[in-house]
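Me: I would like to go through this structure and ask, for each label, what lies behind it. Please set each value against its definition.

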Amino acid sequence: MSGLPPGATPWLHDLGRAIARHLYRPAYRIRVEGLDRVPRSGPVVLVANHSSMIEPQLIFGMLPRRSVFLVKEELFTSVAGWGLRRIGQVPVRRSAPDRGALLTAVGVLREGGLVAVFPEGSRGAGDVSQAQRGAAWLVRSCGAVVLPVAVRGTLRPPGTRRRLRPTVDLLVGEPFAPAVGPGSAGLAHGTEDIRSRLAALVRALDERRQLREEKA
C-alpha cells in the first residue's frame, strides 16, 4: 500500500519529501523534536497549527513517513495543481464542508495512511484559539489516532526587522485517541479535545523557545 490517494505517483511523492526536507535550511535554523512519536504505520490524523505557508512544506519534509495534506483548492492551478496531485495532496474547499475531499482522506486512512489537517482552517496567529470539525470527523469515520504537531518561528515578530536565519521549531506531541461520539454534539466535543491538546502543545513550545532565549 502506498498510503496515497488515487492518481498519486509514489516516487514523485518521495522526491517531493526529500526536496522539502532541505528546502528551508538555507533560510532557517530548523530544530525538530519528537519524530520518534510518529506512528510508523496505521491510520493517523496529523493536526498542526498554521501561521504561514512554510509549515505544510516543513512538516511534509520532516515526517518519517508519507503524508497526505488537505490543501486549499486555490493552489491547484495549472502546473502547480498537477504537481500537488501527483505527490498525493488533496484539494479542499474552505468556504463550506468539502465532502469529496473528506471521503478521499477517509480512503487514505482506511488503507493505513497519514492525513494532515490544519484545524484552524486558515493562516493566523497559530495559537489554535478555534478549530473546524474536519479532523474529528475523520477520526470518527476511521478510528484513527491524532498526532499533534506545533511549529513556531516562521513568522517575523511584529515591529522587527528582517531576521538572519531565524530558528524554526517543530515539536511532535504524543499521539492520542479522542472520543468522538455520534451526532453534532459528539463532533463538537471531539473537536474541542483536539483543539485544546494542540493549543497546549503550541504553548509548551512557546515556553521552550522563551527559556532558550533567556539562557542565550
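Me: Why is helix H2 called largely enclosed by the rest of the structure?

Reply: Because 8 of the 9 residues of helix H2 (residues 54–62) are buried. Buried means under 20% relative accessible area, exposed over 50%, and partly exposed in between, with a 1.4 Å probe and protein chains only. The buried residues of H2 are Ile 54, Glu 55, Pro 56, Leu 58, Ile 59, Phe 60, Gly 61 and Met 62. They pack against helix H1 (10–23), E1, strand E2 (44–48), strand E3 (68–72), E6 and strand E7 (167–172). Contact here means heavy atoms within 4.5 Å.

Me: What kind of model is this, and which conventions apply?

Reply: This is a predicted model, in which local features need pLDDT of at least 70 and side-chain atom pairs count only at pLDDT 80 or more, while totals for chains, interfaces and linings use all residues. Residues are numbered from 1 along each chain as its sequence is written, and side-chain values use heavy atoms, with hydrogens and water left out.

Me: What makes a stretch a helix or a strand, and how many are there?

Reply: Both are DSSP runs numbered from the N terminus: helices (H or I) have at least four residues and strands (E) at least two. By that rule the protein has 6 helices and 7 strands. Their order along the sequence is α-β-β-α-β-α-β-α-β-α-β-β-α.

Me: How do you know that the radius of gyration agrees with a compact globule?

Reply: The globule rule is 2.2 Å times the number of residues to the power 0.38, and the radius is taken over C-alpha atoms. For 216 residues a compact globule would have a radius near 17 Å; the protein has 17 Å, so the two agree. The C-alpha trace spans about 45 × 40 × 35 Å along its principal axes. Of the 216 residues, 48% count as buried. Among contacts with a separation of 6 or more, 75% are between residues 24 or more positions apart.

Me: What makes Arg 208 and Glu 33 a salt bridge?

Reply: A salt bridge is a side-chain nitrogen of Lys or Arg within 4 Å of a carboxyl oxygen of Asp or Glu. For Arg 208 and Glu 33 the N to O distance is 2.7 Å, so the pair qualifies under the 4 Å limit. Arg 208 lies in helix H6 (residues 183–215) and Glu 33 in strand E1 (residues 29–33), so the pair ties together parts that are 175 residues apart in sequence. Arg 208 has a relative accessible area of 32% and is partly exposed; Glu 33, at 23%, also counts as partly exposed.

Me: Which other residue forms a salt bridge with Glu 33?

Reply: Arg 212 does, with the closest N and O atoms 3.1 Å apart. Glu 33 is in strand E1 and Arg 212 in helix H6, so this pair ties together parts that are 179 residues apart in sequence. Arg 212 is partly exposed, at a relative accessible area of 33%.

Me: Why is Arg 152 called buried, and what is its salt-bridge partner?

Reply: Arg 152 has 14% relative accessibility and therefore counts as buried. Its partner is Asp 206, the closest N and O atoms being 2.8 Å apart. Asp 206 lies in helix H6 and Arg 152 in strand E6 (residues 145–152), so the pair ties together parts that are 54 residues apart in sequence. Asp 206 counts as partly exposed at 30% relative accessibility.

Me: How many salt bridges does the whole structure have, and which residues do shared partners join into one network?

Reply: The search of the whole structure finds 11 salt bridges. Shared partners join Arg 31, Glu 33, Asp 169, Arg 208, Arg 209 and Arg 212 into one network.

Me: Is Asp 169 buried or exposed, and what does it touch?

Reply: Asp 169 is in strand E7 and is buried, with a relative accessible area of 1%. Not counting residues up to four places away in sequence, Asp 169 touches Arg 31, Ala 150, Val 151, Arg 152, Leu 205, Arg 209 and Arg 212.

Me: Why does Leu 63 count as buried?

Reply: Because Leu 63 has 3% relative accessibility. Leu 63 sits in the loop between H2 and E3. Apart from residues up to four places away in sequence, Leu 63 touches Arg 17, Val 38, Leu 46 and Leu 114.
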